[in-house]
Amino acid sequence: MDILVQTLADGLVIGAFYSLIALGYTMVFGIIKLLNFAHGDLYMLGAFVGYTLLSLLSGSGTGAGLMGIVVVLLLTMVIVGLIGMGIERVAYRPLLLAPRLSILITALGVSLFLENGSMIAWGAQYQVYPLQLSHDGWNVLGAQITYTQMGLVLISALLMLGLHQFISRTLYGKAMRAIAHDQTACHLMGIDVHKVIGLTFFIGASLAAGAGTMAGAYYGTVNFMMGFIIGLKAFTAAVLGGIGSIPGAMLGGLLLGMMETAGTFVFGGSWKDVVAFSLLILILVLRPTGIMGEKVTERM
Amino acid sequence: MRKWTSVITAALLTLSLGVAGCANQGQLSGASGGEDILVGVLLPVTGNNATDGKDMQNAIEMAIKKINDGGGVLGKKLKIEVADDGCDPQMATTAANKLVSQNVVAVVGGYCSGATLPSSGVFKNANIPMIVPAANSAKLPAQGYDTLFLINGLTPDQAQTAADYMAANQAKKVALVHDNSAYAKDLADFAKAAVEKSGGTVVAYEAINPEEKDFSALATKLKGIAPDATYFTGYYAAGGLMVKQFKQKGVFGLFMVGDGSFSEDIIKIAGADQAEGLLITATPTAEFIPDAEAFTTEYKQTYGNLAPGPFSALSYNAVNLLADALKRANSTDHDALKKAIKETKDFQALGQTISFNAQNTLDTSNFAVLKVAGGKFTLAK
């Protein structure tokens, strides 16, 4: 029993990271049908920007208190969000009307650029986050759940809830949904399509950056290649939930995190990626639309 | 006009080439025709491992200087000729051939096992003795070359050191974790054999991905098994996170890591609090060797406050061993020297006593167990 609870709790934390990244994948795919393979690297960029900001903060002698961490998290999300918008403007917008394959290859190029650029900027070795989070926590049914884990899941839940409200309640959210339906018609209706696409990239990138900063603080080390495998996992999560569907991405991430942790427990650590990607293959074979992606035409 | 310029350029180029050629020739004849004893040094001084290579070269130069200041060997001075193996098998072969053509008396060097394997063959063919201070793949002695001498402990020695420490500390149930790299898996396999030989049981044998960050599932699993000791044979990036997350989850028992994790970074990643009490099996660097303070101070003075690296003490020992063997052989003849090195008995060096066994490797390994105390590595009792 305690092992089951522990595994689910640990999986929930990993799943929350996957969900946040998967959201960006799914939103971008929903709106311009692009699998943005550079998305995992925005997560990495978020981890590094957060690292730099925290180093500055703790370097000035004030130390990073809880407020400091929250401020750094928000700042990082804004900075990387803007970078995400910049990437869309420079690399993807000129190719918006080109065949999908060209833009997909561009995404791979952007990914390489971000990885190697970060290696030049921050170095190839592992950087250690300048803070150690508390290891205290509750004992729930024999399982050890730390305050940090609770906090991370809570922040992720808040971010996802906020996004859901934004998409379903605001005018821009409505515009996003409309563009996902029919881009040309939206043009004709006088919606500034480019602006809305830019906004989508901003939100996607900042969610990934939020996940990156939190993961950096939670695990303690960051490295320029950390976005690669997690980007693929988040893609798996998005497909699992049904790519293009926002609730699907959230659900897919959490499910993947828990299944992966359970799989690692049963089969051993070296099988972790095998479990995740076997799941991807299974989903693609058995249910290509994913759990929530009922109708292929209607997204978001 | 243009034609003239090119003719002049060509003439100048030819001239400069000639001059450079002459200079080279002069150097060569100086090296081989002098009164010095020429020792070849084969190290990676470029590429990824250049830091360690440079550091070993520093230690070698320090030892040479000390020997020469004390009057040299056999009435002659020692002189080194450095060749770059770049940790690459092909470069190493070329570099080794270069040293052979310069007629070196003996060779000190070999950092990467991959590069040392072919270069040791070149020296075997030329019957030149080679003393290897760092490379320690079990494949090296397995070649059976009578010219090759290893003064660094091998992987089975490290596994034995770990098993001995566990047995001495009543750790009977042992969990082994490796990261699927050839080196780490090798060490874990040898450790399994060593633990079982000393009467312990291996209760878990797990593999992880080296890039993994989340070891919660492994920690939960091991917590259920409750081993007396966990031995991780991989590298520090995963090792540090594992130490941290095991402490978080409350996995009891000793935590020990192999020499791949012997880096200050493991303490930084795990956090000083969590790293407290962490055990490391490694060949101690100069700062942990009780009688090497003078060496460390001198090294720092000579090389602008640079701390000695992981293999500097061993490189220093290799040169001193060679000088000692030269004295005992009383000749620079390859066969006599080879015999003298082979007959080395209890040669006192920094942190080790060198005697060779039948495979020309260390009779007693130089591996030790270090412990993290107060955020620093110390020798474990």
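**Confidence along chain A**

Begin by colouring chain A by pLDDT: among its elements, strand S2 (residues 137-140) of chain A has the lowest mean value, 80, and helix H8 (residues 193-219) of chain A has the highest, 93. The model is a predicted one. Over the whole of chain A the mean pLDDT is 88, with 95% of the residues reaching 70 or more.

**The hairpin of chain A**

To locate one residue pair, select A:Gly137, whose bridge partner in S3(A) is A:Thr146. Then move to the turn: two residues lie between the strands of this hairpin, and A:Leu141 takes a positive phi near 50°.

**A helix pair in chain A**

Next, select helix H3 (residues 66-92) of chain A together with helix H4 (residues 100-122) of chain A. Their axes come within 11 Å and cross at roughly 130°. H3(A) and H4(A) are therefore oblique to each other, and H3(A) passes H4(A) in a right-handed crossing. Which residues make the contact? From H3(A) they are A:Ile87, A:Ala91 and A:Tyr92, and from H4(A) they are A:Ile103, A:Thr106 and A:Val110. Classified by type, five residues of this contact are nonpolar, one is polar and none is charged.

**The five-stranded sheet of chain B**

Turn now to chain B and display the open sheet whose five strands follow the order S2-S1-S3-S4-S5, with parallel pairing. The edges are formed by strand S2 (78-84) and strand S5 (148-150) of chain B; each has a single partner strand, so one side of each is left without a neighbour in the sheet. On average, and ignoring direction, neighbouring strands here are turned by 25° against each other.

Within this sheet, select strand S1 (residues 37-43) and strand S3 (residues 106-109) of chain B, which pair in the parallel sense over four bridges.

Helix H2 (residues 50-69) of chain B lies across S1, S2 and S3 of chain B and runs at about 170° to S2(B). Helix H13 (residues 312-329) of chain B also packs on the sheet, where it touches S1, S2, S3 and strand S4 (130-132) of chain B, and its direction makes about 160° with that of S3(B).

**The seven-stranded sheet of chain B**

Select next the open sheet of seven strands in chain B, ordered S7-S6-S8-S9-S10-S13-S14, in which the pairing is mixed. S7 and strand S14 (376-379) of chain B stand at its edges, each with a single partner strand, so one side of each has no neighbour in the sheet. Neighbouring strands are turned by 25° against each other on average, direction ignored.

Strand S6 (residues 173-178) and strand S8 (residues 229-232) of chain B pair in the parallel sense over four bridges; B:Val177 has B:Phe232 as its bridge partner in S8(B). H8(B) packs on this sheet, touching S6, S7 and S8 of chain B, and makes about 170° with the direction of S7(B).

**The contact between the chains**

Finally, show both chains: their contact takes 25 residues from chain B and 23 residues from chain A. On the side of chain B, the elements giving two or more residues are strand S7 (201-207), helix H8 (216-225), helix H9 (236-249) and helix H10 (264-270). The largest share of that side, six residues, comes from H8(B). By class, the side of chain B that touches chain A has seven nonpolar, eight polar and ten charged residues.

Technical notes: Residues are numbered from 1 along each chain as its sequence is written. Chains are lettered from A and ligands numbered from 1 in the order in which they are written. This is a predicted model: local features need pLDDT of at least 70, side-chain atom pairs count only at pLDDT 80 or more; totals for chains, interfaces and linings use all residues. pLDDT is the predictor's confidence in each residue, from 0 to 100. Two residues are in contact if their C-beta atoms, placed from the backbone, lie within 7 Å. Ala, Val, Leu, Ile, Met, Phe, Trp, Tyr, Cys and Pro count as nonpolar, Asp, Glu, Lys and Arg as charged, and the others, Gly among them, as polar. Axes are lines fitted to C-alpha atoms, for helices over the stretch in contact, and angles run from 0 to 180 degrees between N-to-C directions. Angles under 35 degrees count as roughly parallel, over 145 as roughly antiparallel, 65 to 115 as roughly perpendicular and the rest as oblique. A crossing is left-handed if the near helix is turned anticlockwise from the far one by less than a right angle, and right-handed if clockwise. Two strands pair if DSSP finds at least two bridges between them.
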